[in-house]
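Colleague: I would like to learn how to read a model like this one. Please show it to me, and we can go feature by feature.
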Amino acid sequence: MPSGEPEHYVPVPWLARQPFNVELRTIHVDRTRLDRELMDAVIRSGVNMVHEKVARIESTGKRVEAIQTESGRRYSAKWLVVGEAASMVDPITSNGVTAALRHAAEGCALILKYRESGRLPLRARICYSARVVYMGKFFNGGIEKLVYEPPVRNRIGLRHAGTVYISPAWGMNLVYARTSPRGMFMTALFGLWLLFFRVTTWLVYRVCKLLPKSADATGC
Ligand SMILES: Cc1cc2nc3c(=O)[nH]c(=O)nc-3n(C[C@H](O)[C@H](O)[C@H](O)COP(=O)(O)OP(=O)(O)OC[C@H]3O[C@@H](n4cnc5c(N)ncnc54)[C@H](O)[C@@H]3O)c2cc1C
C-alpha cells in the first residue's frame, strides 16, 4: 500500500456459493516446473517447436501469409492471433494472462472444430475477433475513463475509483467463463452487455466531470 504497510485481501465467502462458484483458494504454482511440463506435453502431442526469432512477416492486407526467421527459414500456415498480439490489455488491469489463456482456449477449440474443412468459416472468425476486441476495449476503456483520467478519481478518490473499476472488470471474467459466449447470438448478446458497462462508465465519467472536485478526494 502507499503507506508501505501490507494489506491482506480475504475474499467474501458468498463468492464460493451459487451462482458464482468462485474458487477461493489461492494456487501457488511452481512456474519453472509448470513451464517444463507444459512444454513436454506439447512436444509429446507432436508439435515441433522452433526456437528462433521471427525477423520478417509476409502479409497480404491484414492477413499474415508467412514468417521468416533470422536464419532465413520460412514458415507458412493458417494463423490465429491470440494474446497480446491480438489485443493488448493494459498490464495494470492484471488481465493479460487471463485474456491470453481465453483466446488460446477459444482458438484451439475453433481449430479442432473445423480441422476437417481446413478453414475457419467467416462467421466463426468474425465472432472470435469480436469477442477479443469487445473484452479488450472493455478493460482498457474502463481503466482509462475511471482511473487514468482525472474526473472520477478526483471526485471519489483514487482508491474508490479503483474499486469501481475492478468490481465489474473482474466480475466480467467470471461471467464470461460461466456463460462461454460462442455463436453469433451469444457473442452479440455479450457485446451488448459489455456495451452497457462501457456506456455506464462513460456516464459516470461525464457526471464526475460536470461536478466540482470533492474536497475529500485523495486522487492526484
Ligand atoms: C510489467 C508488467 C506486469 C504485468 N502484470 C500482469 C499481471 O499481474 N497479471 C496479468 O494477467 N498480466 C500481467 N501483465 C500482462 C501479461 O504479461 C501479458 O498480457 C501476457 O504475458 C501476454 O501473453 P502473450 O503470450 O500474448 O505474450 P508474451 O507473454 O509477451 O509472449 C510473447 C512471446 O513472443 C516472443 N517473441 C517476441 N517477438 C518475437 C519474435 N520476433 N520472434 C519470436 N518470438 C518473439 C517473446 O519473447 C515472448 O516469449 C503484465 C505485463 C507487464 C509488462
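Modeller: Begin with helices and strands: they are DSSP runs numbered from the N terminus, helices being H or I with at least four residues and strands E with at least two. This is a predicted model, where local features need pLDDT of at least 70, side-chain atom pairs count only at pLDDT 80 or more, and totals for chains, interfaces and linings use all residues. Residues are numbered from 1 along each chain as its sequence is written.

Colleague: Which helix gives the largest share of the shell around the ligand?

Modeller: A residue is near a molecule if its C-beta atom, placed from the backbone, lies within 6 Å of it. Here H3 gives the largest share, 4 residues. Helix H2 (83–86) and helix H3 (96–113) each supply at least two. Of the 13 residues around the ligand, Val-54, Gly-83, Pro-91, Gly-96 and Val-97 come nearest.

Colleague: How do I read two packed helices?

Modeller: Two packed helices are described by the angle between their axes and the distance between the axes. Axes are lines fitted to C-alpha atoms, for helices over the stretch in contact, and angles run from 0 to 180 degrees between N-to-C directions. The axes of H3 and helix H4 (residues 122–148) come within 11 Å and cross at roughly 175°. Angles over 145 degrees count as roughly antiparallel, so H3 and H4 are roughly antiparallel to each other.

Colleague: And the sheet?

Modeller: Strands of a sheet pair through backbone hydrogen bonds, either parallel or antiparallel. Two strands pair if DSSP finds at least two bridges between them. This open sheet has 3 strands in the order E1-E2-E3, with antiparallel pairing. Strand E1 (54–60) and strand E3 (74–76) are the edge strands. Strand E2 (residues 63–69) pairs with E3 over 3 bridges.

Definitions and conventions. Parallel < 35°, antiparallel > 145°, perpendicular 65-115°, else oblique.
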